[in-house]
Amino acid sequence: MSRNVITYGTFDMFHVGHLRLLQRLRDLGDRLIVAVSTDEFNAAKNKKAIIPYDGRAEIVGSLKIVDQVIPEHSWDQKAEDIKKYDVSVFGIGDDWSGKFDHLKAHCDVVYLPRTPDVSSSALRRMARALDPEMIERLREVHAVLDQMVRNFE
Ligand code: C2G
């Protein structure tokens, strides 16, 4: 009987932290199922990914360590997924430590240490800072502030 592992995440701006988590999870079983958060669900999480769902799911699904990608639509689909996909291990990064202990009723639950010094939110901030529109708006604000200072002189 194959030992199925499942995890959930947004996986926006895919980076080495995501990769190392998936590699460690894959080593805990025979098959790795990754539930990628839909854009609608991310809105409910107050998160706006830069890469839309289809792109994020394609990137994750293209990894040879990932056997199946499913959409994550809601917080409470996990128990159902665990039964549906005959899951033995639910795993996620330790930024969620303790948050999914209730799933121990259905399978093993593991929290793995995050990879330090890399995050999608930091990459998003950098990407948005480089956005020409953002730079143009900053230039306008700078001009206004400049004028205000001159007015005070
Ligand atoms: N991660 C990591 N190291 C990092 C960044 C992220 O190990 N430097 C892990 C997170 O702990 C998580 C996974 O990568 O397990 C995906 O992270 P996110 O895309 O930020 O996922 P999140 O928005 O936390 O969604 O229902 C659960 C949610 O879908 C989790």
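Reply: In the classes used here, Ala, Val, Leu, Ile, Met, Phe, Trp, Tyr, Cys and Pro count as nonpolar, Asp, Glu, Lys and Arg as charged, and the others, Gly among them, as polar. On that basis, the lining of the largest pocket comprises eight nonpolar, 10 polar and nine charged residues. The model is predicted, and the volume of this pocket is about 600 Å³. Its lining consists of 27 residues, of which H18, K47, D95, W96 and R114 are the closest to the centre. Two or more lining residues come from each of β1 (4–9), α1 (16–26), β4 (87–93) and α5 (120–129). The greatest contribution is that of α1, with four residues.

Two of these elements, β1 and β4, belong to an open sheet of five strands in the order β3-β2-β1-β4-β5, with parallel pairing. Because β3 (68–72) and β5 (108–112) stand at the edges and have a single partner strand each, one side of each is left without a neighbour in the sheet. On average, and with direction ignored, neighbouring strands are turned by 25° against each other. Between β1 and β4, which run parallel, there are three bridges; V5 stands opposite V89 in β4.

The helix α1 lies across β1, β2 (31–37), β4 and β5, and runs at about 145° to β2. Helix α3 (residues 53–61) also packs on the sheet, where it touches β2 and β3, and its direction makes about 165° with that of β2.

Methods: Residues numbered from 1 in each chain as written. Predicted model: local features only at pLDDT ≥ 70, side-chain atom pairs only at ≥ 80, totals over all residues. Heavy atoms only, no water. 1 Å grid on protein atoms, 1.4 Å probe; cavity = no way out; pocket = protein on both sides within 12 Å on 5 of 7 lines; lining within 4 Å. Points joined across faces, edges and corners; volume = space filled by probe spheres on them. Pairing = 2+ DSSP bridges. Axes fitted to C-alpha atoms, helices over the stretch in contact; angles between N-to-C directions. Contact = heavy atoms within 4.5 Å.
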